[in-house]
Amino acid sequence: MNRLYDKRRTERFNVFFVVEYKPYGRILENCLSGVTNNISYDGLSFDSQDSELKPGEIMEVTLKHPKSFLLFHSEGEIVWRKEEEYNFILGVRFRDTDKEDINRREAFISSLKNTDRESFL
């Protein structure tokens with residue numbers, strides 16, 4: 001059995017969001033961007049072109065729905081990275097900052113459960 005899947009504690013939702021992110025400690029004029037593969041209450045997986053990102057890095061993350069005003073801000077830690085032919089897939093665990101942030105994140109992700117996937121395309 002795949003050890004990665006053994007570590008997952010919550011259900012994953014295959015939804016499409018634009019991910020804007022900025023690693024702490026890097027001086028960047030603009031945020032970097034990617035697209036989600038999936039999201040859960042604990043974290044997300046997304047594609048990136050940034051070859052410098054490594055497990056253990058902390059980043060600011062903003063998820064933006066491509067066709068609405070839905071967006072979500074959080075802080076996350078890269079927990080795994082997989083190199084593909086043309087990009088990198090990153091696994092990010094949300095960092096719990098306070099109870100209000102956790103409740104907001106859970107409400108945001110819960111709202112996705114009943115959303116038709118076609119609305120994201």
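## Group meeting: a barrel and its aromatic pairs

Okay, let's start with the surface: the protein chain has an accessible surface of about 7,700 Å², and 48% of that belongs to carbon and sulfur atoms. Those areas come from the Shrake-Rupley method with a 1.4 Å probe, and for residues only the protein chains shown count as cover.

Before I go on, a word on what you're looking at. This is a predicted model, where local features need pLDDT of at least 70 and side-chain atom pairs count only at pLDDT 80 or more, while totals for chains, interfaces and linings use all residues. Residues are numbered from 1 along each chain as its sequence is written, and side-chain values use heavy atoms, with hydrogens and water left out.

Now the layout. We have two helices and six strands, and from the N terminus the order is α-β-β-β-β-β-β-α. Helices (H or I, at least four residues) and strands (E, at least two) are DSSP runs, numbered from the N terminus. The six strands close into a barrel, in the order β1-β2-β3-β6-β5-β4, with antiparallel pairing. On average, neighbouring strands of this sheet are turned by 45 degrees against each other, direction ignored. For that angle, axes are lines fitted to C-alpha atoms, for helices over the stretch in contact, and angles run from 0 to 180 degrees between N-to-C directions.

What counts as a strand pair? DSSP has to find at least two bridges between the two strands. Strand β2, residues 32-39, is joined to β3 by four bridges, and the two run antiparallel. One detail there: Ile 39 has Leu 44 in β3 as its bridge partner.

On to the rings. Phe, Tyr and Trp rings (for Trp, the six-membered one) pair if their centres lie within 6.5 Å; planes under 30 degrees apart are stacked, over 60 edge-to-face, and the rest tilted. By this rule, we get two aromatic pairs. Take Tyr 21 and Phe 46: the ring centres are 5.1 Å apart and the planes sit at 55 degrees, so this pair is tilted. Tyr 21 is in strand β1 (residues 18-23) and Phe 46 in strand β3 (residues 43-48), so the pair ties together parts 25 residues apart in sequence. Both Tyr 21 and Phe 46 are buried, where buried means under 20% relative accessible area, exposed over 50%, and partly exposed in between (1.4 Å probe, protein chains only).

Then there's Phe 72 with Phe 94, an edge-to-face pair with 6.0 Å centre to centre and 80 degrees between the planes. Phe 72 belongs to strand β5 (residues 71-83) and Phe 94 to strand β6 (residues 88-94), so this pair links distant parts of the chain, 22 residues apart. Phe 72 is buried, at 5% relative accessibility, and Phe 94 is buried at 5% too.

Not counting residues up to four places away in sequence, Leu 71 touches Thr 62, Leu 63, Lys 64 and Phe 108, with contact meaning heavy atoms within 4.5 Å. Its C-alpha atom is 9.8 Å from that of Val 19, which is 52 residues away along the chain.

Asn 87 counts as buried, at 16% relative accessibility. Leaving aside neighbours within four places in sequence, Asn 87 contacts Asp 47, Ser 48, Gln 49 and Lys 82.

And for the whole chain: 37% of the 121 residues count as buried.
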